[in-house]
Amino acid sequence: MQVRRDVRLSDLTTLAVGGPIERLLQVETAEELVAAVRDADESGRPLLLVGGGSNLIAPDEGWPGDVVAVRTRGIEYDAADRLAVQAGEDWDALVAHTVENRLAGMEALSGIPGSTGATPVQNVGAYGQEVAQTITAVRVYDRAEKAERTLSPAECGFAYRDSRLKREPGRFVVLEVTFRLAPGDLSMPVGYAELARTLGVGIGECAPLADVREAVLGLRRGKGMVWDRADPDSRSAGSFFTNPIVPAERAVEGCPSWPSGEGQVKLSAAWLVQHAGFGRGTRDGHVGTSSRHSLALTTEDGATATELLAFADRIIATVQERFGVTLDREPTAVHPWCS
Ligand SMILES: Cc1cc2nc3c(=O)[nH]c(=O)nc-3n(C[C@H](O)[C@H](O)[C@H](O)COP(=O)(O)OP(=O)(O)OC[C@H]3O[C@@H](n4cnc5c(N)ncnc54)[C@H](O)[C@@H]3O)c2cc1C
């Protein structure tokens with residue numbers, strides 16, 4: 001296991017903020033991952049797990065303990081066509097692999113950066129799909145029980161951009177995720193209007209898997225939502241706020257909304273941010289909104305997590321004041337005292 005002391009959290013995160021790391025451990029097998037976590041816990045050193053660092057707001061003061069970079073690899077098929085994937089596998093490479101191997105179920109999740117092990121944490125989703133639709137099991141190391149366990153989807157408590165793994169922060173270390181996909185050349189029914197329009201199909205119709213992947217990648221690139229070091233609009237954590245779910249009678253006039261469970265609607269966070277005065281390309285010091293998507297907050301060289309969070313708080317307060325709606329942050333802001 002490689003241990004380094006010369007790395008900053010800003011080197012490991014797509015927002016490129018965060019201070020020095022006391023010890024960075026890079027683990028390449030599930031056994032090394034569990035051993036590193038046990039060792040940190042037994043020694044009382046604060047622990048932070050990092051996959052691709054694409055959903056993390058890392059503290060400016062840095063990390064006074066162990067940061068474990070999860071780089072475990074391996075994809076295994078079982079007889080029932082299930083894929084067991086090690087946590088460190090790159091998510092988008094996995095999606096490309098499934099499309100090439102004619103397996104449907106994750107094609108609309110193309111182009112999302114980060115690791116497979118982080119996908120159940122916030123039930124990653126986009127363009128009408130989410131990982132909860134295909135996950136059959138999540139193998140974890142439970143730091144509370146000090147034991148490995150397999151969580152069923154019900155035990156994961158998946159919800160919109162949420163899960164038990166997120167609600168009990170720090171408790172579960174994801175080792176492996178198992179997915180069940182559908183063999184064939186066609187995608188799952190397309191459930192997102194913009195994607196259906198791009199593909200020239202109706203909502204609920206299917207399209208060739210490879211076409212769906214290409215269409216999603218094209219749409220995402222147009223919004224700066226494919227991580228690319230050369231694209232300043234992708235120096236973000238993706239969408240910074242989730243779409244708020246409110247009682248139907250509190251829908252905001254003019255704001256796009258979708259039914260979301262009995263008597264509730266999901267409002268467009270992008271519309272709320274934009275109409276609160278933070279349209280695309282709004283800058284404030286070294287941070288701001290992406291020039292192609294008001295929901296993605298981006299950073300420039302010299303930015304700090306403090307500056308970013310203050311800007312986000314200003315957006316939250318203005319949306320609350322103008323529309324009476326509370327925005328929730330999507331990426332995780334981590335602190336050593338709650339690890
Ligand atoms: C340009 C861009 C576009 C994006 N688009 C989307 C999108 O469309 N939909 C979407 O849902 N998200 C999107 N995201 C957010 C992000 O890519 C996903 O949430 C992704 O799953 C995070 O993976 P990661 O490995 O980078 O996690 P990290 O940022 O490394 O970690 C995120 C959290 O998970 C924890 N974690 C990491 N690995 C493990 C593990 N093995 N076990 C337990 N906990 C772990 C971390 O401690 C942290 O709390 C986007 C981000 C960017 C930068």
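This is a predicted model: local features need pLDDT of at least 70, side-chain atom pairs count only at pLDDT 80 or more; totals for chains, interfaces and linings use all residues.
1. Alanine 237 is found in the loop between α7 (209–222) and β15 (245–247); helices (H or I, at least four residues) and strands (E, at least two) are DSSP runs, numbered from the N terminus. At 6% relative accessibility, alanine 237 counts as buried, where buried means under 20% relative accessible area, exposed over 50%, and partly exposed in between (1.4 Å probe, protein chains only).

2. Residues are numbered from 1 along each chain as its sequence is written, and side-chain values use heavy atoms, with hydrogens and water left out.

3. A polar backbone atom of glycine 52 is 2.8 Å from an oxygen atom of the ligand. A nitrogen atom of the ligand lies 2.8 Å from a backbone N or O atom of valine 174. The side chain of arginine 220 places an N or O atom 2.7 Å from a nitrogen atom of the ligand. The ligand taken alone exposes 970 Å², of which the protein buries 94% (Shrake-Rupley method with a 1.4 Å probe; for residues, only the protein chains shown count as cover).

4. The shell around the ligand draws two or more residues from each of β3 (47–50), β9 (125–126) and β13 (172–180). Of these elements, β13 gives the most, with three residues. The ligand has 31 residues around it, of which Leu49, Gly51, Ser54, Ser115 and Arg220 come nearest; a residue is near a molecule or strand if one of its heavy atoms lies within 4 Å of it. By class, the shell divides into 15 nonpolar, 13 polar and three charged residues (Ala, Val, Leu, Ile, Met, Phe, Trp, Tyr, Cys and Pro count as nonpolar, Asp, Glu, Lys and Arg as charged, and the others, Gly among them, as polar).

5. Helix α2 (residues 30–43) has 14 residues and reaches 20 Å from its first C-alpha to its last, close to the expected 20 Å, the expected span being 1.5 Å times one less than the number of residues. Its buried residues are Ala30, Leu33, Val34, Ala36, Val37 and Ala40. Because these cover an arc of only 160° around the axis, they lie on the same side of α2; the arc is that of the directions from the helix axis to the C-beta atoms. Glu31 and Glu42, on the other side of α2, are exposed. Glycine 44, with a positive phi near 75°, follows α2.

6. Arginine 102, in the loop between α3 (91–100) and β8 (103–104), has a positive phi near 55° and is partly exposed at 46% relative accessible area. Lysine 146, in the loop between β11 (135–142) and β12 (147–151), also has a positive phi near 55° and is exposed at 58%.

7. Glutamate 22 belongs to strand β2 (residues 21–27) and is partly exposed, with a relative accessible area of 39%. Glutamate 22 and glycine 281 are 259 residues apart in sequence and 36 Å apart in space, C-alpha to C-alpha.

Technical notes:
A polar contact is a pair of N or O atoms within 3.5 Å; within protein, one must be able to donate a hydrogen and the other to accept it, and residues adjacent in sequence count only if both atoms are side-chain atoms.
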